[in-house]
Amino acid sequence: MNDELNQVLNEYDAFEDAAAAEAYLLSAIEKSRQTHGPKSLFYATLLNELGSLYRARSRFAESEKYFLEASDLLGEQLGNKHPDYATALNNLAGLYRLTGDYAKSDAMFELTTDIYRVSLGEDHFLYASALNNHGLLLQEMQQFEKACMMHEKALTILAKQDNPIAHATTHNNLVQPYLQLGRIQEAKDNAHLALNIYEKEVSKNHPLYAIALNTVASVHAHEGGYSKAASLCNDALAILKAFYGETHKEVAIAYENLAILYENSGHVDEALAAASKADSIFNAVLGEDSEAAKKSGIFKAQLEAKTKSP
């Protein structure tokens, strides 16, 4: 069955057209239901894939439906302490984070990390990855002390493994909570560590390097170095646009970072222009019901009000 499943997933991954990929996956799911049964792990795996497809296309209600069905099946077939069940919960947690349902996301990440810890051990990569994911959610929830604890624990695990990209990403994750907690030197150290590792491992033209540039820019901005921060943000934006094109979530985040920087330095018109681009991309890529689109719309409206005030 594994060979058959791998073949289906490989064929699905080969589609470049989203509509064709969806049609293929729906057909494969129906075939697996008939061939392997609606309780099979084969069927559950494909449901998870469909949930991921709909999440990526901002069809959140459908995504939740299939993620829930897959997690229920995996829990029933494998038990609620199995790592594959934890992975299904992780998918749900990511979806709820994306839609701003933070209470559900927090609960799902708690379950995910606990299952990985018990079933795989505290030195496993998946446990570290889940800690990082939970930490990012906690940052959005403004729980910076707890977020630091998650990322620091993940960093301790990853320090024992040969995975420099994950190591760099965790350093990068720590910067914002350190800044918020006033741990400025630690924020600087982690920002530059991440940037240096990415430069060595993936080059200066890679999105990960661009994301790290944005993080370094945030440190400069925190200390009032707006000119240097703006230069770094624009460099990051250029890398991301060259790699992804104009309509990608990371490009929208870069525009939003630039807008915040311009606002803080008193350049409201430039801030509004950048925020408008971010808002347009978030709505196009993630959908108007996503938390990112809702927040960007509010930010844009606030800037519009500033430009009209005497």
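Is Leu126 buried, partly exposed or exposed, and at what relative accessibility? At 31% relative accessibility, Leu126 counts as partly exposed, where buried means under 20% relative accessible area, exposed over 50%, and partly exposed in between (1.4 Å probe, protein chains only).

The model is predicted, so local features need pLDDT of at least 70 and side-chain atom pairs count only at pLDDT 80 or more, while totals for chains, interfaces and linings use all residues. Residues are numbered from 1 along each chain as its sequence is written, and side-chain values use heavy atoms, with hydrogens and water left out.

**Surface patch**

Leu126 lies in helix H7 (residues 125-140), helices being DSSP runs of H or I with at least four residues, numbered from the N terminus. Together with Leu120 and Phe125, Leu126 forms a nonpolar patch on the surface that has about 200 Å² of accessible area. Such patches are made of residues with over 30% relative accessible area and no salt bridge, nonpolar side chains (Val, Leu, Ile, Met, Phe, Trp, Tyr) being joined within 5 Å, and the areas come from the Shrake-Rupley method with a 1.4 Å probe, only the protein chains shown counting as cover for residues.

**Helix H1 and two further residues**

Helix H1 (residues 2-13) has 12 residues and reaches 16 Å from its first C-alpha to its last, close to the 16 Å expected at 1.5 Å a residue; the expected span is 1.5 Å times one less than the number of residues. The buried residues of H1 are Leu5, Val8, Leu9 and Tyr12. Seen down the axis of H1, these buried residues fall within an arc of 95°, so they line one face of the helix, the arc being that of the directions from the helix axis to the C-beta atoms. They pack against helix H2 (18-36) and helix H3 (41-56), whereas Asp3 and Asn10, on the other side of H1, are exposed.

Ser296, in helix H15 (residues 291-308), is buried, with a relative accessible area of 1%. Leaving aside neighbours within four places in sequence, Ser296 is in contact (heavy atoms within 4.5 Å) with Glu256, Asp279 and Phe282. Leu78, found in helix H4 (residues 60-78), is partly exposed, with a relative accessible area of 28%. Leu78 touches Leu41 and Asp84, not counting residues up to four places away in sequence, and the C-alpha atoms of Leu78 and Leu41 are 8.9 Å apart although the two are 37 residues apart in sequence.

**Salt bridges**

A salt bridge is a side-chain nitrogen of Lys or Arg within 4 Å of a carboxyl oxygen of Asp or Glu, and by this rule the count comes to 16 salt bridges. The table gives some of them.

| Pair | N to O distance |
|---|---|
| Asp114 and Arg117 | 2.6 Å |
| Asp123 and Lys160 | 3.2 Å |
| Lys188 and Glu223 | 3.1 Å |

Being 3 residues apart in helix H6 (residues 102-120), Asp114 and Arg117 are separated by about one helical turn. Asp123 forms a salt bridge with Lys160; Asp123 lies in the loop between H6 and H7 and Lys160 in the loop between helix H8 (144-158) and helix H9 (164-180), so the pair ties together parts that are 37 residues apart in sequence. Asp123 is partly exposed, with a relative accessible area of 48%, whereas Lys160 counts as exposed at 59% relative accessibility.

Notes: Helices (H or I, at least four residues) and strands (E, at least two) are DSSP runs, numbered from the N terminus. Patches are made of residues with over 30% relative accessible area and no salt bridge: like charges are joined within 9 Å, nonpolar side chains (Val, Leu, Ile, Met, Phe, Trp, Tyr) within 5 Å.
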